[in-house]
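Student: Could we go through this model together, one question at a time?

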Amino acid sequence: MKRTISPDKFNLAAIDIGSNAARILIKEVRRVKSSDGLCSLKMKKLQFLRIPLRLGIDVFGIGKISKEREKQLIRTMKVFRQLLIIYNIQDYRACATAAFRDAKNGKRILRQIRKDINIDVDIITGDEEARILRDCNKDMMGNLLYMDVGGGSTELSLVCEGQLIDSRSFNIGTLRMLSGSVSQTQWNKMRDAVKEFCRGFDNIHIVGSGGNINKLYRLTPKSKRKADRIKVETLKELYTSMSVLTVEQLIEQYDLREDRADVIVPAAQLFLMVAGEAEAESIIVPTVGLADGIINELAENRKNP
């Protein structure tokens with residue numbers, strides 16, 4: 001028997017295939033009309049699943065996705081397909097980021113996923129990735145430097161009083177750092193860009209995105225953090241403590257998963273470098289990511305039936 005769906009309530013999904021992990025986020029969306037006839041959207045998370053595929057380990061080392069990780073990705077996408085069916089998804093978007101931008105066999109793998117699993121995956125640019133993340137927090141005001149740190153790339157966008165000043169993507173990410181494939185030239189390019197971004201703007205706050213900054217925020221003692229941000233000095237103290245430990249010690253001391261323990265220190269290093277160049281005193285941690293932004297865009301497109 002087919003389930004009846006209210007036109008004012010529907011389920012949407014976002015799939016984010018990153019360099020470190022693949023994720024699926026599913027939300028229920030309700031249209032709510034006010035007394036003056038205007039429509040707003042209310043969302044509730046129904047499901048979130050993260051699979052640490054680590055595609056970037058292959059891509060940033062040998063330039064392509066290995067057969068073994070390709071098989072793991074195919075299995076993961078089959079699971080995601082079943083979740084789309086189980087939750088009766090009315091619309092979805094699947095996006096792949098830095099690893100697939102660089103992988104020699106990336107387009108072939110996505111053609112196979114489309115043919116065998118019936119999921120279309122878009123390879124999005126770093127600029128589009130940055131735009132989606134900015135739009136998640138478009139109500140924030142002030143001088144804001146949006147920073148999304150992934151396994152393969154870092155996206156930076158300077159937004160001042162709601163106006164985009166500049167946005168760039170850099171091939172510097174935690175897995176690239178671990179593989180030793182980030183040159184000093186690339187580091188200098190990012191440093192110079194941040195200085196150029198911020199010239200003439202005061203009181204800049206970084207808006208962080210990604211699993212690492214969320215975890216670093218949660219590891220910070222409650223007495224040293226505000227409701228939605230971490231002070232740069234506090235992050236520096238945490239980085240100093242963590243950087244001298246092995247991966248095994250990080251897992252034990254901070255109760256981290258192995259796939260988080262090896263990338264969290266490089267991520268902290270990246271945030272501290274950018275914060276230092278921007279002379280930022282704090283990092284806002286809104287706990288939203290690319291998948292949230294994708295669903296927000298899907299929902300806006302269906303806001304008015």
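Tutor: Let us begin with a term: two strands pair if DSSP finds at least two bridges between them. Please keep in mind that this is a predicted model.

Student: In which sense do strand E1 and strand E2 pair?

Tutor: Strand E1 covers residues 9-17 and strand E2 covers residues 22-33. Within this pair, Asp16 stands opposite Arg23 in E2. The two strands are joined over 9 bridges, and the sense of their pairing is antiparallel.

Student: Which are the edge strands of the sheet?

Tutor: The open sheet is formed by 5 strands with mixed pairing, and their order is E3-E2-E1-E4-E5. An edge strand pairs on one side only, and this holds for strand E3 (39-51) and strand E5 (121-123). Neighbouring strands here are turned against each other by 25° on average, direction ignored. The edge strands are therefore, since pairing requires at least two bridges, the two that pair on one side only: E3 and E5.

Student: At about what angle does helix H2 run to E2?

Tutor: Helix H2, made of residues 67-86, lies across E1, E2, E3, strand E4 (91-96) and E5. Its direction relative to E2 is given by an angle of about 20°.

Student: Why does the radius of gyration of the protein agree with a compact globule?

Tutor: The C-alpha atoms fill a box of roughly 60 × 55 × 35 Å along the principal axes, and 51% of the 305 residues count as buried. A compact globule with 305 residues would have a radius of gyration near 19 Å, so the protein agrees with its value of 20 Å.

Conventions:
Residues numbered from 1 in each chain as written. Predicted model: local features only at pLDDT ≥ 70, side-chain atom pairs only at ≥ 80, totals over all residues. Heavy atoms only, no water. Helix = DSSP H or I, 4+ residues; strand = E, 2+ residues; numbered from the N terminus. Axes fitted to C-alpha atoms, helices over the stretch in contact; angles between N-to-C directions. Contact = heavy atoms within 4.5 Å. Rg over C-alpha atoms; globule rule 2.2 N^0.38 Å. Buried < 20%, exposed > 50% of the residue type's maximum accessible area, 1.4 Å probe, protein only.
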